[in-house]
Protein chains: 2
Amino acid sequence: MTIKLNKITIIGVGLIGGSFAKGLKQLGYADAIVGYGRHADVLQQAVALDVIDHYEMDLSAAVKGADLVLIAVPLGAMTAIMKQLKPHLTPEMILTDVGSAKTSVLSAVQEAFGQIPSQFVAGHPIAGKEKSGVEAACADLFQNHKVILTPTDETSSKAVEVVTDLWRALGAEVSEMTPEYHDEVLAATSHLPHLLAFGLVDLLNDHAELGNVFQYTAGGFRDFTRIASSDATMWRDIALNNPTAISKWLKHYQAELSHLIDLVDNQQGDALFQLFDQAKTARDTHIVRKG
Amino acid sequence: MTIKLNKITIIGVGLIGGSFAKGLKQLGYADAIVGYGRHADVLQQAVALDVIDHYEMDLSAAVKGADLVLIAVPLGAMTAIMKQLKPHLTPEMILTDVGSAKTSVLSAVQEAFGQIPSQFVAGHPIAGKEKSGVEAACADLFQNHKVILTPTDETSSKAVEVVTDLWRALGAEVSEMTPEYHDEVLAATSHLPHLLAFGLVDLLNDHAELGNVFQYTAGGFRDFTRIASSDATMWRDIALNNPTAISKWLKHYQAELSHLIDLVDNQQGDALFQLFDQAKTARDTHIVRKG
């Protein structure tokens, strides 16, 4: 451990905020880890589960004297919470977030503060579970997972260093990229497959003339659609906050499907084999070996 | 156990044929379970793994005196094997298969025999693994899985009864439907998601300008694309043998994506939430609870 903080405040003690808090608390990374949220029962549960040391229902008290504030609220609540934070921001306080779309978070920060404060470090841990809420929080959620930071020209390198250090302490592999590249890559690798999975279940659910086709599904379908059991509010917010890249990748994907339809309609066995085989090889190489 | 057969012959001792054989062998369902295939080393391995009792490299010897012949070859080899079987068919011999598309198998049978023999029972166990080959065969592969039989008007009810009995003995839940309905349902629930998964990996693999985006994927992507690690030859054959239904469902799915694109482009948060939430509810109801 290279640093120790006096006080870390977690705004939004759910799965992600709670796992961040719980991990750092177990490591003794701060004298106090304080939770803030709208629901006292959730915060009480967070204390009971050893996720946070204590909690505040008043934002001013929650962030007062904090070295670092982690904002782990849904994307849809980002602008509002930034505006509420503004009067309490001190020059020493590092702010960071965990939102799944980064250009929109930076816009929210810009809108709330009139500029991007140098101590704001936009971040996104690529980790999650189907389950949400503080009861699902676990100290090793980020172990061997990527965390992407998207600092801008204004961002203090010292703040980036502290945030990097915290994520690394939790076992994450931290990388940096532009917010635009982040949103593009996440649209392709995460937002697209989530929408595809929701779309498939919706499609089959809508074709009542087929009967309950779900009864004829097997393990492949179960795994393919696992992410369609994700939280609908979170995914609505992501779709609304990264629309350009998501729309673009959905269209790329439609073009891919047009190609597949063409191959199927024209009985292009060799081309179908080649496409399937290359995809299998790419997945076996990049995903399976990654472990 | 209600019946005991003298001899069962397995044509194509891979994952499916091997699991069928191994399960029935453990149950003592036949005096002899004989394997037939093109590769002596595979058949020797099948004997060593207690999957079959013995094997024959000559088709005539393999099926001679068999009460039941299970045809578990790739869809692409179906017509050829049926033609080879024709001279050896006796009235007492029940024939059944495990192909993933049923109208094309029935066409192959029709082509080979000039009609659908009454003792042919088209079947499809909805079970599988990413791994293929006899070494992956296991006696409980079909336990609690669906097996769909698609008898036609010509099919002997006695033959259907025997085949049903064997699958039930292996723990499967047997249902009957028309070949056309089977192909429609399987296109929607299995062939479509497989092509979608292959397509997604192919799409990302083709966009080299993004760099290796696979490194930023997490568990959701891994599960979503698991079926893209399936055997390319098998899936080429399925695509070639159920093209009408697959093409139709790919087009239905493109329309679903057009709807999603429209919602994203127009920031329709309520409609996105509703679609995601209904999909989540449908999956949680029909897939998760099914276990």
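With 11 C-beta neighbours inside 10 Å, A:Asn144 counts as exposed; a residue is exposed if 12 or fewer other C-beta atoms lie within 10 Å of its own, buried if 20 or more do, and partly exposed in between, with C-beta atoms placed from the backbone. This is a predicted model, in which local features need pLDDT of at least 70, side-chain atom pairs count only at pLDDT 80 or more, and totals for chains, interfaces and linings use all residues. Residues are numbered from 1 along each chain as its sequence is written, while chains are lettered from A and ligands numbered from 1 in the order in which they are written.

**Loop residues with positive phi**

- A:Asn144 sits in the loop between β7 (123-125) and β8 (146-149) of chain A; helices (H or I, at least four residues) and strands (E, at least two) are DSSP runs numbered from the N terminus.
- Although A:Asn144 is not a glycine, its phi is positive, at about 60 degrees.
- In chain B, the loop between α10 (243-265) and α11 (269-288) holds B:Gln267, a non-glycine residue whose phi is positive and near 50 degrees.
- B:Gln267 is exposed, having 12 other C-beta atoms within 10 Å.

**Chain A as a whole**

- Chain A has 11 helices and nine strands.
- Its radius of gyration (taken over C-alpha atoms) is 21 Å, close to the 19 Å from the globule rule for 291 residues, so chain A is as compact as a globular protein of that length; the rule is 2.2 Å times the number of residues to the power 0.38.
- Along the principal axes, the C-alpha atoms of chain A fill a box of roughly 70 × 40 × 35 Å.
- Buried residues make up 51% of the 291 in chain A.
- Of the contacts in chain A between residues at least 6 apart in sequence, 78% join residues at least 24 apart; a contact means C-beta atoms, placed from the backbone, within 7 Å.

**Two domains**

- Chain A divides into domain 1 (5-176) and domain 2 (182-288), with bounds from an automatic or database domain assignment.
- The centres of the two domains, taken over C-alpha atoms, are 31 Å apart.
- Domain 1 and domain 2 of chain A each bring 13 residues to their contact.

**How the chains meet**

- A rotation of 180 degrees, with 0.0 Å of shift along its axis, superposes chain A on chain B at an RMSD of 0.0 Å, by least squares on the C-alpha atoms of residues with pLDDT of at least 70 in both.
- The two copies are thus related as by a two-fold rotation axis.
- A:Phe224 is the residue of chain A that comes closest to the rotation axis, with its C-alpha at 1.9 Å.
- Contacts link 77 residues of chain A with 77 residues of chain B.
- α7(A) gives the largest share of chain A's side, 18 residues.
- 100% of the interface residues of chain A are also interface residues in chain B, so the copies meet through the same surface.

**Core and a helix residue**

- The largest nonpolar core has 193 residues, of which A:Ile10, A:Leu70, B:Ile10 and B:Leu70 touch the most other members; such a core is a set of buried Ala, Val, Leu, Ile, Met, Phe, Trp, Tyr and Cys residues joined through C-beta atoms within 7 Å.
- B:Tyr181 lies in helix α7 (residues 179-206) of chain B and is partly exposed, with 16 other C-beta atoms within 10 Å.

Technical notes. Contact = placed C-beta atoms within 7 Å.
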